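Take a look at the model below.

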Amino acid sequence: METLETKKTDKWYTLKVLSNFEDKVKNLIEKGLELEPSHKEYFYEVLMPSEIVTTVKHGKKTSRVRKLYPGYLFVNMEIFADEDTRELNPNAYYFITGINGVTGFIGGKNPVQLSKTEITTIKSHIEKFQSKEVPKSYFDVGQKVTILDGPFVGLHGTIGEANADTQKLK
């Protein structure tokens with residue numbers, strides 16, 4: 001007999017949402033589950049993979065959240081009432097597609113289930129970028145630059161090496 005934990009780990013689907021509405025849709029799904037606990041029997045989890053990107057402009061460091069898959073959310077749920085006939089569970093399907101900002105599933109009325117390797121890759125991306133800030137680099141090797149500050153002000157040069165982690169150029 002399959003346990004709830006087994007079901008939770010292998011039924012992932014990709015949900016298409018309006019661009020820049022990913023946070024809002026995720027919150028609406030979670031709020032809908034709180035208001036209607038009966039939906040929790042077929043709905044388990046929603047993922048929105050993101051990373052924190054830091055930039056330095058005019059000497060000030062700013063951080064923002066960048067979505068790894070803009071326009072998509074990943075949901076762990078039982079969408080089919082019967083796996084053999086692939087008959088949709090109307091409660092599950094219309095609960096998700098009825099949320100403002102959701103445009104549908106990848107596969108439409110026959111949602112395509114993500115493979116184990118795909119969801120493992122997505123989860124590893126989440127773990128990799130969860131607690132680490134990723135610096136955004138505006139410089140590439142070979143790019144011509146003018147030094148604006150320090151003892152070499154006004155000199156021109158070419159970037160020979162760019163280290164995004166330490167944010168240093170040579």
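## Rings in the interior

Tyrosine 13 and phenylalanine 105 are both buried. The model is predicted. Tyrosine 93 is buried as well.

How are such ring pairs described? A pair of aromatic rings is described by the distance of the centres and the angle of the planes. The protein has six aromatic pairs. Two of them share phenylalanine 105 and are set out here.

| Pair | Centre to centre | Angle between planes | Arrangement |
|---|---|---|---|
| Tyrosine 13 and phenylalanine 105 | 6.4 Å | 85° | edge-to-face |
| Tyrosine 93 and phenylalanine 105 | 5.9 Å | 25° | stacked |

The second pair counts as stacked because its planes lie at 25°, and the cut-off for stacking is under 30 degrees.

Both pairs link distant parts of the chain. Tyrosine 13 sits in strand β1 and phenylalanine 105 in strand β8, 92 residues apart. Tyrosine 93 belongs to helix α3, and twelve residues separate it from phenylalanine 105. One aromatic cluster takes in Tyr13, Phe80, Tyr93, Tyr94 and Phe105.

## The nonpolar cores

In soluble globular proteins, nonpolar side chains tend to be buried together. The largest nonpolar core here has 23 residues. Which of them touch the most other members? They are Leu15, Ile29, Phe43, Met77, Ile79, Ile96 and Phe105. The elements giving two or more residues to this core are β1, α2, β2, β5, α3 and β8. Helix α3 gives the most, with four.

Isoleucine 96 shows how these parts meet. Beyond its neighbours within four places in sequence, isoleucine 96 contacts Leu15, Ile29, Phe43, Met77, Val102 and Phe105. A second, separate core has seven residues, among them Leu47, Phe74, Ile119 and Ile122.

## From inside to surface

Is threonine 14 buried or exposed? Threonine 14 has a relative accessible area of 10%, so it is buried. This residue lies in strand β1. Setting aside residues up to four places away, its contacts include Tyr72, Phe105, Ile106 and Val112.

Tyrosine 72, in strand β5, counts as partly exposed because its relative accessibility is 33%. Together with Ile106 and Val112, Tyr72 makes a nonpolar surface patch of about 230 Å².

## The whole chain

The protein has four helices and 13 strands. Of its 170 residues, 31% are buried. Among contacts with a separation of 6 or more, 62% join residues 24 or more positions apart.

Notes: Residues are numbered from 1 along each chain as its sequence is written. This is a predicted model: local features need pLDDT of at least 70, side-chain atom pairs count only at pLDDT 80 or more; totals for chains, interfaces and linings use all residues. Side-chain values use heavy atoms; hydrogens and water are left out. A nonpolar core is a set of buried Ala, Val, Leu, Ile, Met, Phe, Trp, Tyr and Cys residues joined through side-chain atoms within 4.5 Å. Buried means under 20% relative accessible area, exposed over 50%, partly exposed in between (1.4 Å probe, protein chains only). Contact means heavy atoms within 4.5 Å. Patches are made of residues with over 30% relative accessible area and no salt bridge: like charges are joined within 9 Å, nonpolar side chains (Val, Leu, Ile, Met, Phe, Trp, Tyr) within 5 Å. Accessible areas come from the Shrake-Rupley method with a 1.4 Å probe; for residues, only the protein chains shown count as cover. A salt bridge is a side-chain nitrogen of Lys or Arg within 4 Å of a carboxyl oxygen of Asp or Glu. Rings of Phe, Tyr and Trp (its six-membered ring) pair if their centres lie within 6.5 Å; planes under 30 degrees apart count as stacked, over 60 as edge-to-face and the rest as tilted.
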